[in-house]
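Visitor: Please show me the model, and then take me through how to read it.

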Amino acid sequence: MSLGALFKRTIAALIGLVLIGTFALTAVYQYIDNSPDAQERMKLSVERAEISIDEDDGLLTRLGALIAAWWDSDKLVAEARDEEREEAKARRERDRFMDETQNYNDDYYGAAG
């Protein structure tokens, strides 16, 4: 194989990889854009990845942290939903004791005054 043929095949392979990468990124973007569950997972994954990386880390390190957080996103989503349930329960308990619909102005014994 001549040097020219090797060069042509290398260029064709690189162009093919760029096209495959572009299609893959487009598909991932469309999946995240059209799925509320995926949007929640991405949001939680980004928050978790931001905690674990420094500002001096490179692009591959940041991307690796994001992929690792996405991989564990089932656990992150479950934890977030548990927290939301606990907050809703606490809010219901708090609102139950702060019920403003009861009026104590018409009690049987009037206020001394």
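Visitor: What share of the residues of the protein count as buried?

Guide: Buried means under 20% relative accessible area, exposed over 50%, and partly exposed in between, with a 1.4 Å probe and protein chains only. Of the 113 residues here, 12% count as buried. This is a predicted model: local features need pLDDT of at least 70, side-chain atom pairs count only at pLDDT 80 or more, and totals for chains, interfaces and linings use all residues. Residues are numbered from 1 along each chain as its sequence is written, and side-chain values use heavy atoms, leaving out hydrogens and water.

Visitor: How many helices and strands are there in the protein?

Guide: Both are DSSP runs, numbered from the N terminus: helices are H or I with at least four residues, strands E with at least two. The protein has four helices and zero strands.

Visitor: At what angle do the axes of H1 and H2 cross?

Guide: Axes are lines fitted to C-alpha atoms, for helices over the stretch in contact, and angles run from 0 to 180 degrees between N-to-C directions. Those of H1 (residues 3-34) and H2 (residues 36-52) cross at roughly 105 degrees and come within 5 Å. The two helices are therefore roughly perpendicular (65 to 115 degrees). Tyr31, Ile32, Asp33 and Asn34 of H1 make the contact (heavy atoms within 4.5 Å) with Pro36, Ala38, Gln39 and Met42 of H2.

Visitor: Is Gln39 buried or partly exposed?

Guide: Gln39 counts as partly exposed, because its relative accessibility is 37%. Its side chain reaches the backbone oxygen of Asp33 at 2.9 Å.

Definitions and conventions. Parallel < 35°, antiparallel > 145°, perpendicular 65-115°, else oblique. Polar contact = N/O pair within 3.5 Å; in protein donor to acceptor, adjacent residues only side chain to side chain.
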